[in-house]
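Dear colleague,

I am handing over the structure below, and after it you will find an account of what turned up when I went through it. Please read the two side by side.

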Amino acid sequence: MAQSNKKELSQEQRETLLNTLKARFEKNMHRHEELQWEKVQAKLEGSYEKLWSLNEMERTEGEPDVVHYDGEKDEYIFYDCSKESPKGRRSVCFDRRALESRKKHKPENTAIDMAADMGIEMLTETQYRALQELEEFDKKTSTWVATPVDIRELGGALFCDRRFGHVFLYHNGAESYYGSRGFRGSLRI
């Protein structure tokens, strides 16, 4: 799908995205057993900016899907559900401060900046672990997760992955970046 400079999709792009999301929703009912696509689609059709964000998640190979419904707020929650950390969001350091601190070999972008530009939130450790309850993700890659301020102030950032049948939380310098580390996002609609 083509990237757009404005945060709105053409009618054709919206239809293509909705068809992709519907097919993924129906193929992965274990992620949202009690939900109905028609109700999700009705929310999506009235949310052009959120559709643009979902398209960005899709464009960067995150494979967004519904993982929860918040009845109190009447919102559907989408997470990136690609088996590995989204390919279009790897090789990024944690945030702008980390990027600017690098003297050499700077990555092109940061996880925090990309998430903000896409209109999504980075997963927290709790959200990441909840995602891993649905099925196994990141068996070969790793994912930056939202990091508490006190850890970030000391120069660190957190990331997670699944190895040896378990989900692990690690720390690294926020300025580090790897070809196998990206980030996963969430979006409420």
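Asp74 belongs to the loop between S1 and S2 while Lys43 sits in helix H2, so the pair ties together parts that are 31 residues apart in sequence. Asp74 counts as partly exposed, at 37% relative accessibility, and Lys43 is likewise partly exposed, with a relative accessible area of 27%. Please keep in mind throughout that this is a predicted model.

**Salt bridges**

The structure holds 17 salt bridges, and a few of them are described here. The side chains of Glu135 and Arg31 meet in one of them, at 3.0 Å from N to O. Since Glu135 lies in the loop between helix H6 (125-134) and S4, and Arg31 in the loop between helix H1 (11-27) and H2, this pair ties together parts that are 104 residues apart in sequence. Are the two partners buried or exposed? Glu135 is buried, with a relative accessible area of 15%, and Arg31 is buried as well, with a relative accessible area of 7%.

Another salt bridge is formed by Asp161 and Arg163, whose closest N and O atoms are 3.6 Å apart. Here Asp161 counts as buried at 5% relative accessibility, whereas Arg163, at 23%, counts as partly exposed. Beyond the individual pairs, salt bridges that share partners join Arg31, Asp65, Lys83 and Glu135 into one network.

**The sheet and the helices on it**

Four strands make up an open sheet with the order S1-S2-S8-S3, and their pairing is antiparallel. Strand S1 (64-70) and strand S3 (121-122) stand at the edges with a single partner strand each, so one side of each is left without a neighbour in the sheet. Strand S2 (residues 75-80) and strand S8 (residues 185-188) run antiparallel and are joined by 3 bridges; within this pairing, Tyr79 has Ser186 of S8 as its bridge partner.

Helix H2 (residues 37-45), which carries the Lys43 mentioned above, packs on this sheet and touches S1 and S2, its direction making about 90 degrees with that of S2. Helix H3 (residues 48-59) also packs on the sheet, where it touches S1, S2 and S8, and its direction makes about 160 degrees with that of S8.

**Helix H5**

In helix H5 (residues 111-118), the buried residues are Ala111, Asp113, Met114, Ala115 and Met118. Just after H5, Gly119 takes a positive phi of about 80 degrees.

How many of the 8 residues of strand S5 are buried? In this strand (residues 156-163) the number is 7, so S5 is largely enclosed by the rest of the structure. S5 is joined to S4 by 3 bridges, the two strands running antiparallel, and the bridge partner of Trp144 in S5 is Phe159. S5 also runs antiparallel to strand S6 (residues 166-173), with 8 bridges between the two, and in S6 the bridge partner of Ala157 is Asn172. The hairpin of S5 and S6 has 2 residues between the strands, and in this hairpin Phe164 takes a positive phi near 55 degrees.

Asp138, which is not a glycine either, has a positive phi of about 55 degrees. The place of Asp138 is in the loop between H6 and S4, which is also the loop that holds Glu135, and Asp138 is buried, with a relative accessible area of 0%.

With kind regards

Technical notes
Residues are numbered from 1 along each chain as its sequence is written. This is a predicted model: local features need pLDDT of at least 70, side-chain atom pairs count only at pLDDT 80 or more; totals for chains, interfaces and linings use all residues. Side-chain values use heavy atoms; hydrogens and water are left out. Two strands pair if DSSP finds at least two bridges between them. Contact means heavy atoms within 4.5 Å. Axes are lines fitted to C-alpha atoms, for helices over the stretch in contact, and angles run from 0 to 180 degrees between N-to-C directions. Buried means under 20% relative accessible area, exposed over 50%, partly exposed in between (1.4 Å probe, protein chains only). A salt bridge is a side-chain nitrogen of Lys or Arg within 4 Å of a carboxyl oxygen of Asp or Glu.
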